[in-house]
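Thanks for coming. I'll talk through one structure, so please have the sequence and the coordinates open.

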Amino acid sequence: MMGTVNENSDDYEDPDIFGLSLHRSNPPDRDMSLQVPDHSKKRPSSLYSEDGLVDDYEYEGDLPSQQGSFYLPNSGILTPAIKEDTSQLSAVIKMGWLDKNPPQGAIYYQKRWVKLDADYLRYFDSDKDVYSKGIISTAFITNVTTVGELKFEVGTNNRTFIFRAESEAERNDWVTVLQGCTRGRQRHTVMNPGSPFSPDCQGYLELKGLRSKLYTVVASDKVFLYKNVDDYRIGIGITSIEMNVGNIKISERRSFDLTTPYRIFSFIAESEQMRDQWVDAMRKAIAEALSNSEVAERIWAEPSNSHCADCGAPKPEWAAINLCVVVCKQCAGEHRGLGPSISKVRSLKMDKKVWTEELIQLFLMIGNERANSFWAANVPPSEALTLSSCNEDRRRFITNKYRQGKYRRYHPLYGNQTELNNALCINVQCSDVLETLSLIFCGADVNCSTGLESQPSPLSLATAHSQPLQAELLNHNLNTELPRSEGIEAMDPEPYPKPPSVSHNGFLFKTPSMARAVTERKAKEEFSRRWCTLIDEVFSYYESDKNSNPNGVLKASEIVCLAVDTPEKHGYDYTFEIYSESERLYLFGTDDPESHKHWVKSIAKSFIPASAEPLLRLGFERIGKLKCKDGLNLQSSKVGWFALEGSVLHVYLEGSQVEEIQLRKLNELSIQQDNEVLVLVEKGRTLYIKGKRKLDFSCWCAAIQAAAGSGGDTLNEQQLTETDIPVIVHSCIRYITQCGMTSEGIYRKSGVNSRVTALCERFRNDARSLCLREGEHQVDDVSNTLKRFFRELGEGLFTSEDSCSWLSTATIQDESEKISQYKHLLNKLPHVNKATLQALINHLYCVQHFCEMNQMNIHNLAIVFGPTLFQTDGKDYAAGRAIEDLIEHYKLIFEVDEQQLQKHIDEIHAIIKMRGNHKCPMASERGGDFICTVYLEENKPTAEQHVKIPGSMTAAELVCDMLDRRNIPVKEKEYWSCWEICSKEEMERPLHYQERVLPIVHSVGTESHLLIKKHLAMEAIIHYLTSKGDASKHGMIKFREERSLLGLGLPTGNFHDRYFILNTTSLRMYKDVRSNRPERDWPVKNLKVYLGIKKKLRPPTCWGLTVLYETKKPERQQWYLCCNTQSEVREWYATFLSIQYDGDVWPQEGLQNKRVSRELPDTRHGSVSLIPLRGSENEMRNSVAAFSQDPLALFRDVR
Ligand SMILES: [Zn+2]
């Protein structure tokens, strides 16, 4: 038949097997044999070789029968050499030229192009060849060793191949790589008959042009050619054909062609029937290949996805669908090793079901490059993987990268759970999935509560905002374990000495343990008698004292809280609750108070560290440990030991004394962040208590809240302000000062009784949480609430003891004697009473000062307040007289600083004047102080502060003032700024530090407010400007104008691409890059740039700027610029800022040095809310979230 045998020819030569059959398909533009001239010249006649089939293998001399002995083997018996993932076109791990040892008898080595992937070692005639000359399944490689000079051996059970490299280094590299990918696989050399991946069809087929038949295997989406069935069994073949490029054509009778773009394989089957079987199997393989490759091809359309995200191997066919990376097979193996809670590994080819359109789009949108901008932002070159990295290196790297998150780019909010969760909730409403990835893997809780009833989770929020890709990403991460550096655990030690060992035993009554708080009364029947012991820090309870096996055991170290119930709360008179680390609650009871006391002391002693021992001496109602952060060190949380006794919370933090927090005197008490953090703000400090466990935390919250509420109707039992005035008194006075000074008959007119009753009730429940607001509350209701409070006050303001003395003093004729007697009595009053009386009289003094407007002179006020404060029936003249004296001689009796009082009166004047001008807020009142509401960090009533803003105050001064109030230290690289937030427009603007605040206060509408928060992008901005040098920028931006149509102010038009040039004088807009003449030209100094664009305008991206053009004309022009990336919008913004402030965007010496010495805020009168600058901030934050949460990717110095 074909050709002659060349004595040198001992390989399969491509042309032999395939070329000979001559149908070179579609005039191939490359002729493989010609492209490797060296070889083809050497063996020109190998084209005609047939027995290349024979001699490829060293040490194997048996020549195959050339004819006739082919048969179709029993297909059921044989298991494929092809392993599980044959459908994978595996990534090449290493390739290069090697000399392969000659077959027996030949004298020279043959140059071969050798490729290794996870499944096969293949060798080719040239690096251009598609189909190999030989293919060795790595599963069958038993050993790889170096032999002699530059050589190495690849051994299988049956054969040994010898290769020679060009250099020692190259040789060693091959050996390492081969060992790396075959290690641990030797056991597979024994065939596994149970393999599920049976070939679809196998047997001998004649290949036209070749006298011998080839053992052909169709498996999944590939066709493998082997010399014979024995070779098939030992995993050594000729080549494999990817069927995704194949096409089958029946030619005549027993023949059919498998056409690929590179070759046509013309096969001849044994019979026409057999041919049909083969054709059928191969067509199925094509279909399989096509459908298999569909997802892969689509995913690879994003260029960076065509290389493994971990090692860079080409054509990666696997993906970690929750981590959003496409990886090669080898890396996928290591991903799988992390477990599905960390990496969900799916095949691009086999796991077709998982690849929803959303998931594919998500992978296209993120892509390996962007994913790695997060995951691999900080990979030391020494740790990076290469194609040839061994499995151990891969494991180490992949563990570091995904399990530990070692290389990730830390989100600026890292460590701040609330902010992370917040940012996640906001971000899932826009399309920035990379940000979501970054948030999730920096600790944002995918299952956190959004606080919205209709969309309680980020997932539902994403869905509701039509963000299917966000939803997809969230969905795959609902149960993901977050990266945790091993170091972090070590950073959270409990550095407390062990408690001393205690022991105690006796009978107690116990209910079954519970997973929730005990809210209902437990009757005696629900308790069972148990023998309890506390020995060596182990608390155990037994069926009886005869039993030796306990029913339950609680180690002292597992106890997190012990609560003592009020007597008779349950069926047994005395009960206590033990809370465990594993969120169980154990309720024990006894009727014996002594036993109860003893148990409580013993158990507390067993788990409270010796250093927190003072807590044990308290008559606590609740004692235990909680995670907390305090104002001076917000970065790391620590374990604190707490004991609650009455309205005092005793706290022991590491390295400090036991401290007391007077709960009734807190400035603020709130539960934030999805009920996870309890915030206690007292004068000078803020304590954040974190809910590490739900059960005991929720009980602590309830107990602390109850203890912080008013405890009774005496003055002492009220919630108090810092200056020891009941909050209710403070609130009412503040409100009247703001809204009622000009109200005619104030305090004389009665309010609506039901409303007054309701107000009193709400104040009694929690005075701190009630914020009186104009519009919502009526002046006369509030004034009567204040009066009713004093009238019903237990013991009265003047105390029952001394009340008469006060009244009799009023009758003293001699003025100076009278005053000194009042002073004497005043000093006899308890502190709270004295402070309260002074605040009230001060207020009444001011009220009467404006009696021309409100008609309430001293006498009128005394008539009202005399009987109220002395709780008399009003018939006693002395009560009124006393009050009249106190107001009239206020300055003398209370030794008031004249100037201070005058200042306060002036303030009220300003308020009254301002209220008169309220309708035109642009009024030219620029000189005086204004009192306005400023929010700290969040727009909530609890975060509002009332600040007096003098005309000269700069943003920096305001920021410092606010931080001082809350005792918030400013750390390095923290850029606290004052922001003008326009919630309606969904935009915000950080004020420049030198910007005057007052004009902003005047110009903003009621839907805007001032917020003090960190400027997270500032560091990046400074960095950008420093690295850039000149202040100019140009580039394409999407532009939209807000034009006034017929004066209606309707927004028109859409976003269009425009070319912008920004230089030190102007912002110019061009139709495109080539335009010579700008369409627009605006002077930069007249522009006011806000971050964010209102969503109604449907900005194409979330990185938008709203630009206001302020002219002298009354109209204002506004337009919108939208960038494609976050960094772009930041750069534009930075450039604007730099130009407008001549490069001075942030004080070099830090903000703190910008403060001017200013008197401490006057706590008595300073908290007057004048301009309600409140609005819903949430929506606005959506569009600006991306900016303010700037990852500072490139610049941040990550620890
Ligand atoms: Zn890889």
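Ile559 has Ser580, in strand 24, as its bridge partner. This is a predicted model, so keep that in mind for everything that follows. The two strands involved are strand 23, residues 559-564, and strand 24; they run antiparallel and are joined by five bridges. On strand 24 there is also a pairing with strand 25, residues 585-590, again antiparallel, over six bridges. Within that pairing, Phe576 sits opposite Phe588. Strands 24 and 25 make a hairpin with four residues between them. In the turn, Glu583 has a positive phi of about 60 degrees.

How many of the seven residues of strand 24 are buried? Six, so to speak "mostly covered" for residues 574-580.

The order is 12-10-9-8-15-14-13, and the pairing is antiparallel. From one strand to the next, the twist averages 35 degrees. Inside this sheet, strand 8 (residues 201-207) and strand 9 (residues 213-219) share six bridges in the antiparallel sense, and Tyr204 faces Tyr215 of strand 9.

Now the metal. Which residues are the protein donors of the zinc ion? They are Cys308, Cys311, Cys328 and Cys331, each through SG, at 2.2 to 2.3 Å. The angles among the four donor atoms run from 102 to 117 degrees, and the site is tetrahedral. The donor spacing in sequence is C-x2-C-x16-C-x2-C. Cys308 lies in the loop between helix 7 (272-300) and strand 16 (318-320), while Cys328, 20 residues apart from it, lies in the loop between strand 17 (325-327) and helix 8 (329-338). Are these two buried or exposed? The cut-off for buried is under 20% relative accessible area. Cys308 is at 5%, so it counts as buried, and Cys328 is buried because its value is 2%.

In soluble globular proteins, nonpolar side chains tend to be buried together. The largest core here has 68 residues, and the members touching the most others are Tyr747, Trp806, Leu837 and Leu886. Helix 23, residues 831-849, gives the most to this core, with 10 residues. Beyond its neighbours within four places in sequence, Leu886 contacts Phe798, Trp806, Tyr822, Leu837, Ile841, Ile893 and Phe894. A second core is separate and has 64 residues, among them Met962, Tyr975, Ile1037 and Cys1123.

That's what I have; over to you.

How values were computed
Residues numbered from 1 in each chain as written. Predicted model: local features only at pLDDT ≥ 70, side-chain atom pairs only at ≥ 80, totals over all residues. Heavy atoms only, no water. Core = buried A, V, L, I, M, F, W, Y, C linked by side-chain atoms within 4.5 Å. Buried < 20%, exposed > 50% of the residue type's maximum accessible area, 1.4 Å probe, protein only. Contact = heavy atoms within 4.5 Å. Donors = N, O, S within 2.8 Å, 3.2 Å for Na, K, Ca; no water. Tetrahedral: all angles 85-135°; square planar, octahedral: opposite > 155°, others 65-115°. Pairing = 2+ DSSP bridges. Axes fitted to C-alpha atoms, helices over the stretch in contact; angles between N-to-C directions.
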